[in-house]
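Colleague: Could you take me through a close look at one part of this model, with the cut-offs stated as you go?

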Amino acid sequence: MIIDRAEVIVTSPDRNFVTLKITTSDGVTGLGDATLNGRELAVVAYLREHVVPLLAGRDPHRIEDAWQFLYRSAYWRRGPVTMAAIAAVDMALWDIKGKVTGLPVYQLLGGASREGLLAYGHASGKELPELFDSVREHLADGYRAIRIQSGVPGLKAIYGIASQASDTGGGEARYDHEPARRGELPVQEDWDTRAYLRHLPGVFEAVRHEFGPELPLLHDGHHRMTPIQAAKLGKDLEPFDLFWLEDCTPAENQEALRLVRQHTTTPLAIGEIFNTVWDFQDLIREQLIDYVRGAVTHMGGITPLKKTIDYAAQYQIKSGFHGPTDISPVGMAAQAHLGLAIHNFGIQEYMPHGEKTNQVFEQSFTWQDGLLHPGDQPGLGVTLDTDEAGRYPYERAYLPYNRLADGTMHDW
Ligand code: CS2
Ligand code: MG
């Protein structure tokens with residue numbers, strides 16, 4: 001059996017997705033997610049122009065060698081575009097191997113280490129009543145852990161809060177929690193860290209008062225604080241016993257987390273925008289984080305993310321794989337298989353995809369009683385209906401960007 005052909009499928013049911021489909025000489029197919037939110041077509045070109053021509057004739061069983069070939073032969077290493085492209089090939093080859101052996105991918109990775117994956121959902125609200133309603137909805141949906149994102153007085157639109165047209169000066173209302181917005185230009189949002197730092201502890205105090213001390217609560221700082229501001233927030237949130245504070249400060253400078261770590265015991269999660277183990281190296285080795293937030297789609301695939309999380313296991317650091325709606329059902333399935341197999345699983349982010357997406361991608365992973373399970377279909381357990389996919393052509397979409405009150409560019 002050899003790889004006969006590979007095609008890149010771009011579809012935009014509820015949002016843009018890029019999927020690689022590899023077909024072998026025996027007609028076995030494998031899928032890989034290559035979706036890079038806001039820069040999708042860059043990965044499409046990388047795959048179509050530079051990777052697909054290299055795949056025909058290769059042995060699909062040689063997953064590690066394919067990964068090493070694509071990573072080293074490019075000469076230019078790392079980066080979100082390269083690693084999303086390589087990730088798609090890696091996922092598709094694991095999918096094929098599972099189908100050929102008749103085994104779900106988690107069995108190929110060592111078998112199940114638990115019955116199911118604890119997942120967290122995204123509750124949000126501009127103000128407390130709306131936030132409390134959102135928490136109750138997620139509890140009713142079965143979530144056993146909940147991320148809390150709140151509006152900030154004085155700020156119009158903010159990450160993680162579904163916005164209405166009125167919030168954005170007449171711009172299109174954003175999908176519920178889907179950060180990217182379809183349109184020819186990105187939308188500018190505003191930010192004020194001091195207002196955020198003053199407001200957030202009170203939000204968590206109110207949530208704890210309303211929902212009690214047990215419920216695992218998470219929060220995403222979304223890269224917006226300086227290290228000392230992150231340290232302050234981590235310390236101010238300690239009385240509310242968070243499961244984690246995520247992306248508290250931009251972590252290209254991994255040393256920055258030393259300062260945060262000195263000041264707070266609030267657990268830290270980082271890494272959704274990272275794409276190789278090297279981005280995590282100091283954070284893991286110095287135990288500056290508690291959760292690895294990588295995503296199979298952004299970290300080069302199942303193969304390197306498993307290596308990274310196995311390295312993290314030696315430092316008692318757990319997984320917290322990224323799972324927003326811009327990780328496609330193929331990427332989510334791949335993470336569910338990996339999460340079921342590894343010992344140091346922590347938690348899986350799970351934002352359910354929209355109706356149209358679920359018609360394009362039929363998934364075998366299940367969500368029940370707050371636990372995700374990848375299912376026992378051979379391979380990844382996802383099929384892509386190409387006819388349905390063809391109904392939703394690509395639509396340019398951008399993530400918002402942030403400027404401070406004086407117009408200075410900031411992190412979104
Ligand atoms: C967020 C993401 O889910 C999260 O933790 O950071 O929603 C992020 O904003 C998007 O993936 C960006 O495309
Ligand atoms: Mg995040």
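Modeller: Met409, in strand E20, is the bridge partner of Arg403, and strands here are DSSP runs of E with at least two residues, numbered from the N terminus. This is a predicted model, in which local features need pLDDT of at least 70 and side-chain atom pairs count only at pLDDT 80 or more, while totals for chains, interfaces and linings use all residues, and side-chain values use heavy atoms, with hydrogens and water left out. Residues are numbered from 1 along each chain as its sequence is written, chains are lettered from A, and ligands are numbered from 1 in the order in which they are written.

Strand E19, residues 401–404, runs antiparallel to E20 and is joined to E20 by 2 bridges; two strands pair if DSSP finds at least two bridges between them. The order E7-E19-E20 makes an open sheet of 3 strands with mixed pairing, and its edge strands, each pairing on one side only, are E7 (188–191) and E20 (409–410).

Turning to the ligand, 16 residues surround ligand 1, and Asn37, His222, Glu272, Arg293 and Glu349 are the closest; a residue is near if one of its heavy atoms lies within 4 Å. An oxygen atom of ligand 1 lies 2.4 Å from a polar side-chain atom of Glu349, while for an N or O atom in the side chain of Glu272 the distance to a ligand 1 oxygen is 2.5 Å, and for a polar side-chain atom of Asn37 it is 2.8 Å. Ligand 1 taken alone exposes 340 Å², of which the protein buries 96% (Shrake-Rupley accessible areas, 1.4 Å probe).

Definitions and conventions
A polar contact is a pair of N or O atoms within 3.5 Å; within protein, one must be able to donate a hydrogen and the other to accept it, and residues adjacent in sequence count only if both atoms are side-chain atoms. Helices (H or I, at least four residues) and strands (E, at least two) are DSSP runs, numbered from the N terminus.
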